[in-house]
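Colleague: I would like to learn how to read a model like this one, feature by feature. Could we go through it together?

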Amino acid sequence: MARLIRMDRTGHTTLAEWTADDDAALAAAAVAFREQLEAGHYAVVTRGEGHAERVTELPAEAELVILRRPIAGG
Amino acid sequence: MTTTALPETAAVAWRERVDERALHVRGRLWTLSTSAHTVPFVATAGVLVGIEPFLAPVSALALVHAWAIPELYAKRGANVLSPHRRRAPVAPAEAAQRTALGLLGDLVGHAARDLHARTGLVPERGALGVWLVGEAGALLVRPGGRRVHCWCVRADDPSLPPADRTAHLLLALREDEHGFATVANLAFSGARWRVRRRLAPRMRGALDEAGRMARGG
């Protein structure tokens, strides 16, 4: 089961779960995904150790999509 | 759809994107700057003793200055990894930190997970060298292991538990290493041994390991 999670004050929160053959769950995950991007989060998919990609549309095939806040120089 | 450039670089559009050449130049400039601060004191110490041996105490003071200035800069660099710099309004809940640690552990390999448990820092090989990622900053150990760049950078949410703050930086680094170095503020560049002495004792092992990795180990 694929998951959309957001890193937050609780550690992380699972916002949606879906499988490739569950269209309704995938659509709900896509809605949650867009809401989080509009709220200012960035979505990242890990691509093996040492690599990650930012995505702007929910990748249905991904196992885990992580939402993060922006970073800035301190 | 996937994108490659770190979006946060748009907020620092005036900065030149950091690459291998830019890092080399900045390292040289730091060395030049340090020399400009210390050489006059050393020269003054030598001249004073040469003119009048009774001025040896004044010469010693000048030498202390020459020693202290690079040390202060190195301390500034080491401070980027200090958890005390965190500006969280409240202490993170233990449960939140445990949850965050689980996610961070899933993002890295066994060796990195072990090093993080011992030192609080996550090592990450990159194209520019070996990174040590902390809660509010990162060190970049350059290939060869002799020079370290200290970067001040943080996640823009003070309520995050510490492990999540590290995960934020790690993910951004993995998305776009050059963009990450562009967004971050360079606090110090200099000798690894100088930074090591100013790190918290528990973190020194991580810098040793990063140095070993940067030497090809």
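Colleague: Which pattern does chain B follow, read along the sequence?

Modeller: Start with the order of helices and strands. This is a predicted model, and in it chain B reads β-α-α-α-α-β-β-β-β-α-α-β-α-α. That comes to 8 helices and 6 strands. Along its principal axes, the C-alpha trace of chain B spans about 70 × 40 × 35 Å.

Colleague: What are the confidence scores of the model?

Modeller: The model has an ipTM of 0.95 and a pTM of 0.92. For chain B the mean pLDDT is 92, with 94% of its residues at 70 or more.

Colleague: Which residues of helix H4(B) are buried?

Modeller: First the general idea. An α-helix has 3.6 residues a turn, so residues three or four places apart point the same way. In H4(B), residues 110-119, the buried ones are Ala112(B), Leu115(B), His116(B) and Thr119(B). Because they cover an arc of only 100 degrees around the axis, they lie on the same side of H4(B).

Colleague: Which residues are exposed on the other side of H4(B)?

Modeller: His110(B), Asp114(B), Ala117(B) and Arg118(B) are exposed there. The cover over the buried residues includes E2 and helix H8 (201-214) of chain B. After H4(B) comes Gly120(B), with a positive phi near 85 degrees.

Colleague: How many bridges pair E2(B) with E3(B), and in which sense?

Modeller: E2(B) and E3(B), the latter residues 130-133, pair over 4 bridges in the antiparallel sense. One place to look is Pro123(B), whose bridge partner in E3(B) is Leu132(B). The hairpin has 4 residues between the strands, and Gly129(B) takes a positive phi near 150 degrees in it.

Colleague: Which residues touch the most other members of the largest nonpolar core?

Modeller: In soluble globular proteins, nonpolar side chains tend to be buried together. Here the largest nonpolar core has 74 residues, and those touching the most other members are Leu132(B), Val133(B), Ala138(B), Leu139(B), Cys150(B), Trp151(B) and Leu169(B). H5(B) gives the most to this core, with 7 residues. In chain B as a whole, buried residues make up 44% of the 217 residues.

Colleague: With which residues is Leu169(B) in contact, leaving aside its neighbours within four places in sequence?

Modeller: They are Ile71(A), Val133(B), Ala138(B), Val153(B) and Ala155(B). Ile71(A) also stands opposite Ala155(B) in E5(B). The strand E6 of chain A, residues 71-73, is joined to E5(B) by 3 bridges, and the two run antiparallel.

Colleague: How many residues of chain B are in contact with chain A?

Modeller: 38 residues of chain B are in contact with 25 residues of chain A. On the chain B side, E1 (2-3), H3 (94-107), E2 (122-125), E5 (147-155) and H5 (162-175) each supply at least two residues. The largest share, 8 residues, comes from H5(B). By type, this side of chain B divides into 19 nonpolar, 9 polar and 10 charged residues.

Colleague: Why does Val58(B) count as partly exposed?

Modeller: The count of neighbours decides it. Val58(B) counts as partly exposed because it has 14 C-beta neighbours inside 10 Å, whereas a buried residue needs 20 or more and an exposed one has 12 or fewer. Val58(B) sits in helix H2, residues 56-78, of chain B.

Note on methods:
Residues numbered from 1 in each chain as written. Chains lettered and ligands numbered in written order. Predicted model: local features only at pLDDT ≥ 70, side-chain atom pairs only at ≥ 80, totals over all residues. Contact = placed C-beta atoms within 7 Å. Nonpolar A, V, L, I, M, F, W, Y, C, P; charged D, E, K, R; others polar. Pairing = 2+ DSSP bridges. Arc of directions from axis to C-beta. pLDDT = per-residue confidence, 0-100. Core = buried A, V, L, I, M, F, W, Y, C linked by C-beta atoms within 7 Å.
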